[in-house]
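Subject: Structure handover and notes

Hello,

Here is the structure I said I would pass on. Please have it open while you read the notes under it.

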Amino acid sequence: MAIDEHDLRQLHRALDLAQGAVGRSDPNPRVGCVLADRSGRTVGEGSTQRAGHAHAEVMALRAAQAGGASVQDGTAWVSLEPCSHHGRTPPCTDALIAARLRRVVIATIDPNPLVAGAGAQQLRDAGIAVDLADGEVTRQARELNIGFFSRMRRARPWARCKVAASLDGRTALADGRSQWITGEAARADGHAWRRRAGAVLTGAGTVVADDPRLDVRHVPTEVQPLRVLVDSRLRVPAAARMFEAPGSALVYCARAEPRIAAALRAQRVEVVERPNADGSVDLPSVLDDLAARGVNELHIEAGPTLNGALLQAGLIDELLVYLAPKLIGSGRGMIEAAPLANLERAWGFQFDAAQRVGDDLRISARPPHALDWLD
């Protein structure tokens, strides 16, 4: 059966529901589901709950049941292919089959190798018609779960580097002071992007200079992201605010000096050695390890040195730049990297989006081939 305009509206509604799982469902993907009875009347909606709890399809079925509605011979619209394997919860395909639906419409296939089309096939084998969307609604469904797709297909998180700067590209005064370049609206918006992430990463220089908390405070969230510090020599004190509750913290170092590492562990901070040949932290290894821990999106709020190292290592998938309408003059820049021999060697990005946030401007930019692995 061809997908029509009604299907697209219902899929977009499923995507709206999936947005509600941001800050809640990690490491699971954000999924929304809409259910209609045999007459086409919407009788249930749901989105993914916290890990280990019900997925979107089960939540929608529960809503329909609570309303006394039957979905036999009805239709489900889901923003991501229903799972077909036993994880922390039973397969969603089993629940949909047991509900005796007639049809399931899917915005995009699940990239998890344990699913990857098997969910749709299980539904078809049970006699349920399955239709797959394409085009813009599929793109939006993948974009909402860009980190999950990245972790499944590249075994690394989607790394988003957030920077707040003046119009002349300064992120701090020459003495390091940076609070506050952007306004309150931009800071709240930045916390909304933190909420999307499974982890927030920074460097030792930023913590020593600003002692940030790096938690989500200005917007509601059910789960705090893991706070991650790259600190080659363990020079950040155990009393740093980023190690305080709520949430948990992790430090990557080149060598864990026993006394300092013990002080951090006494604060319930995990310390992991990831040295490279130069005696610094091996950044690709850090991202590999975070992916293995279930981090889908990595939100980076670091200083110019770490930003530059990540850029040079080819580890930044997206820049999220907040520009304040002010000029600072002499001060610190966005990145520190080796001088370029010529402009042709500059790191190229493409503007993805721009939006005014309060008095400031938020710009999203990605490398030209940032999504080549997605299709």
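The notes below go through ring pairs, salt bridges, a surface patch and a few contacts.

Please keep in mind that this is a predicted model.

Aromatic rings

Searching the whole structure turns up one aromatic pair. The ring centres of tryptophan 158 and tryptophan 373 are 6.4 Å apart and the planes stand at 55°, so the pair is classed as tilted. Tryptophan 158 belongs to strand β6 (residues 158-166), while tryptophan 373 is in the segment after β16 (360-366), so the pair ties together parts that lie 215 residues apart in sequence. Tryptophan 158 has a relative accessible area of 0% and is buried. Tryptophan 373, at 18%, also counts as buried, because the cut-off for that class is under 20%.

Tryptophan 158 turns up again among the contacts of asparagine 296. That asparagine is in the loop between α10 (283-292) and β12 (297-300), and it is buried at 3% relative accessibility. Leaving out residues up to four places away in sequence, asparagine 296 touches Asp26, Pro27, Asn28, Gly147, Phe148, Arg151, Pro157 and Trp158.

Salt bridges

Side chains of opposite charge can pair when their charged atoms come close. The count of salt bridges here is 26.

- Arginine 154 and aspartate 317 meet at 2.9 Å, N to O. This pair links distant parts of the chain, with arginine 154 in helix α6 (residues 146-154) and aspartate 317 in the loop between α11 and β13 (318-324), 163 residues apart. Arginine 154 is partly exposed at 22%, whereas aspartate 317 is buried at 5%.
- Aspartate 189 and arginine 362 meet at 2.7 Å, N to O. Aspartate 189 is in helix α7 (residues 184-196) and arginine 362 in strand β16, so this bridge ties together parts 173 residues apart in sequence. Both residues are buried.
- Aspartate 211 and arginine 241 meet at 3.9 Å, N to O. Aspartate 211 is in the loop between α8 (204-210) and β9 (226-230), and arginine 241 is in the loop between β9 and β10 (249-253), 30 residues apart. Aspartate 211 is partly exposed at 28% relative accessibility, and arginine 241 is partly exposed at 35%.

There is also a network of salt bridges that links Asp26, Arg30, Glu143, Arg160, Arg196, Glu297, Glu318 and Arg366. Asp26 from this network is among the residues that asparagine 296 touches.

Which residues make the nonpolar surface patch of about 250 Å²? They are Ile335, Leu340 and Trp347. Isoleucine 335 sits in the loop between β14 (331-332) and β15 (350-357), and it is partly exposed at 39% relative accessibility.

Leucine 311 itself is in helix α11 (residues 304-312) and is buried, with a relative accessible area of 12%. From leucine 311 to glutamate 336 the C-alpha to C-alpha distance is 9.6 Å, and the two are 25 residues apart in sequence.

Regards

Key: Residues numbered from 1 in each chain as written. Predicted model: local features only at pLDDT ≥ 70, side-chain atom pairs only at ≥ 80, totals over all residues. Heavy atoms only, no water. Phe/Tyr/Trp six-rings, centres within 6.5 Å; stacked < 30°, edge-to-face > 60°. Helix = DSSP H or I, 4+ residues; strand = E, 2+ residues; numbered from the N terminus. Buried < 20%, exposed > 50% of the residue type's maximum accessible area, 1.4 Å probe, protein only. Patch = residues over 30% accessible without salt bridge, like charges linked within 9 Å, V, L, I, M, F, W, Y side chains within 5 Å. Areas by Shrake-Rupley, 256 points an atom, 1.4 Å probe, with all protein chains shown as cover. Salt bridge = Lys/Arg side-chain N within 4 Å of Asp/Glu carboxyl O. Contact = heavy atoms within 4.5 Å.
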